[in-house]
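Dear colleague,

I am handing over the structure below, followed by notes on what was found in it. Please read the notes alongside the coordinates.

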Amino acid sequence: MRVIGIDPGLRRTGWGVIELNGNQFQHLGNGVCKSSDSDNLAVRLLQLYEQLKEVIKLHSPTCAAVEKTF
């Protein structure tokens with residue numbers, strides 16, 4: 001199983017990918033998707049979407065966990 005964890009935010013969205021094989025975990029990658037503070041909300045969301053889409057394409061997770069926003 002390959003899991004992507006997402007920490008959502010409008011300026012920065014963190015992500016991390018791990019793979020579980022039996023009882024072994026392997027770190028596959030992590031990073032931050034960033035949006036420009038000067039753009040309007042729609043543009044910022046598109047920036048985050050495009051970057052996160054590339055992460056998903058690269059790592060091909062089988063499931064996701066998203067932190068609850070507050």
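Leaving aside neighbours within four places in sequence, Ser35 is in contact (heavy atoms within 4.5 Å) with Leu10, Arg11, Arg44, Gln47 and Leu48. This is a predicted model, in which local features need pLDDT of at least 70 and side-chain atom pairs count only at pLDDT 80 or more, while totals for chains, interfaces and linings use all residues. Residues are numbered from 1 along each chain as its sequence is written, and side-chain values use heavy atoms, with hydrogens and water left out.

Ser35 lies in the loop between strand E3 and helix H1 (41–59), where helices (H or I, at least four residues) and strands (E, at least two) are DSSP runs numbered from the N terminus. Ser35 counts as buried because its relative accessibility is 12%, the class being under 20% relative accessible area, against over 50% for exposed and in between for partly exposed (1.4 Å probe, protein chains only). Its side chain reaches the backbone oxygen of Leu10 at 2.5 Å.

Strand E2 (residues 12–21) runs antiparallel to E3 (residues 24–34), and ten bridges join the two; strands pair if DSSP finds at least two bridges between them. Val17 has Gly29 as its bridge partner in E3, and the hairpin formed by E2 and E3 has two residues between the strands, with Gly22 in the turn showing a positive phi of about 65 degrees.

Glu19, in strand E2, is also buried, at 18% relative accessible area, and its contacts beyond four places in sequence include Met1, Arg2 and Phe25.

Best regards

Note on methods
Polar contact = N/O pair within 3.5 Å; in protein donor to acceptor, adjacent residues only side chain to side chain.
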